[in-house]
Amino acid sequence: MAVILVVLLSVAFDPSHPLPSMAVVAMLGLQVVHSLPRLKWLRGPWSLAAQALLFPWAGPGAPGLLAASVLLIAGGPIRWVMFAGVVAAAGLLNLSDAYGCANAMGNALAQGLIVFGVTRLSDLRAELHAARGEPAAESVAGERERASRDLDAVLGSSLSAVIGLAAKGRTEEIVVLGREAAARARETPGAAVELPRGDLTPRLALPIHVAAHAGFLIVSVIYLWQMRPPAWVLAGALLAVAGVVGLQLYHSLPRPPGVRPRHAAWTLPVQLALACLPLLSPDRPYPQLAGFAAASVLIVMCGNAAWAAWPISGAIILGVCATLLLRGVSPVENLYWTFNAAAVAAMLYGLALHTGLVFQVREARLALAEIAVVKERRRISRDVHDLLGSSLSAIVVKGELAVRTPERAERELADIARIARRALADLRAIPRDDDPGLSLDAELASAREILTAAGVTVHVDASRRAPVPSPVDALLATVLREAVTNVLRHSRADHCRIEVACGDGLVRLRVRNDGAPADGAAGAPGERAGGQGITNLAERVAAVGGRLAAAPTGGGYELSVLQPVGLGGDTDGVEAVAGV
């Protein structure tokens, strides 16, 4: 907001009339209404019409303000026709000489575009900041669509094939396919997601920069031409003007935050040197170019050397004043040109600054989108691992049992088809982040069935269990699923004990098995070839205030979860032993 006000004052203030008329004050007040985001609700056709009425009497800055207001308030292509009309009217009000007409039109063009650009960029920055979560939501939706396609192609097709093979009694193929699908479920999705990286600055940002600089260039050329200096002086001055304006445009081009113009270490000194040459003209000094150099110092140095940028820029403006004083320029003219250089610096820096701020918001939005996609990818990977691992392991176990005991094949194949259908439903719910509807009672029954089928003697003790909220129940069911999967995958267990107990506002689930390898890896896939089960479960439990740990226990392994009955509770001071 401060930058906008400085730019508006730079346009409206006339050093030759330091006490502004009522028309100037009213014109500036209306422009503040048009330009400040918090006052947008006050602006409309009435305020634009009021400015148009004040325009002929509001001083040399009025055309630029009115031109900007036309672009801000009028809609559609007609606004550019109206903008051209304001620029032409500025020239018609200054027909006394060619330079006066060209200067009025050039100032109206450049100042109008700069005020419009600074205001529009400020509005856009506020809009983007307010909607900074939208790209994240869009990216998450895209990630879910991609995951849904990939999961259906990789795991969904395998589960559908298992159902078909079960109907045909092809048990050996089911075992092979089940193992392959289980391996895929343990893999972390790694496909990159293309995030929207379009340029969020206005489409007119670059044209505004080019047109504003072109307006200053044209006015400068006409000014130098009408002075009629010697040919060699004119040629040098024109080259200096073209070089200063061209380098200024180069320094001002929209760039991501923190990125300096390439070769700025020499382009900035060259621009400064060229800007000083017209001050030393033998005929008459031309100080306006120093404002371009001062703006470039702020644009180039404010990121990495902000402590020096403002003093150097201020020294350039004071240098203009001192040079004109030493060359005998009258105080009034000296004040005019010094202010002119400062105003040019403020306007060009303000335009570049707001363009950079929009880039910063753009980068922040994209960063939020990337973070959201990474989190969503981890969630999907975790849910696939936790929710499908047990089902796929059960399919393999029952398939192997059907191969070993043909007399039970029909029953086991029916169970395989049922488990595969349940896994398909879970798979299709994961990308949508739907509640899979897990139940601890159902998982206890499933654990007993699957482990028994695998030849493990199961003892379930839930005598001290009490009803718990459904989110806690679903969390414990998920933990139990993964614990059973780990027993099947990582141990040669003969016995497994499952305990559920409640008390003092806490619920404990403990799963203990024997037959763990000597390295203690049983049930700890997070320590094995790409596994992530215990890590996933620990994150789930910790996120809602519980504790989970896994540890070997003398030839066996134990997993224990201590969870407050109210999600997000505190377990400080409560001992919890956890393991697989």
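Good morning. I begin with strand β5, where G556, E558, S560, L562 and P564 point one way, Y557, L559, V561 and Q563 point the other way, and all are buried. Buried here means under 20% relative accessible area, with exposed over 50% and partly exposed in between, using a 1.4 Å probe and protein chains only. In a regular strand, side chains alternate between the two faces of the sheet.

This is a predicted model, in which local features need pLDDT of at least 70 and side-chain atom pairs count only at pLDDT 80 or more, while totals for chains, interfaces and linings use all residues. Residues are numbered from 1 along each chain as its sequence is written, and side-chain values use heavy atoms, leaving out hydrogens and water.

Strand β5 covers residues 556-564, and nine of its nine residues are buried. Helices (H or I, at least four residues) and strands (E, at least two) are DSSP runs, numbered from the N terminus.

In the hairpin of β4 and β5, three residues lie between the strands, and G554 takes a positive phi near 55°.

Finally, I turn to N334, which is placed in helix α14, residues 331-404. Is N334 buried or exposed? N334 counts as buried because its relative accessibility is 5%. Leaving aside residues up to four places away in sequence, N334 touches C321, L324, L325 and V329, where contact means heavy atoms within 4.5 Å. Thank you.

How values were computed
Pairing = 2+ DSSP bridges.
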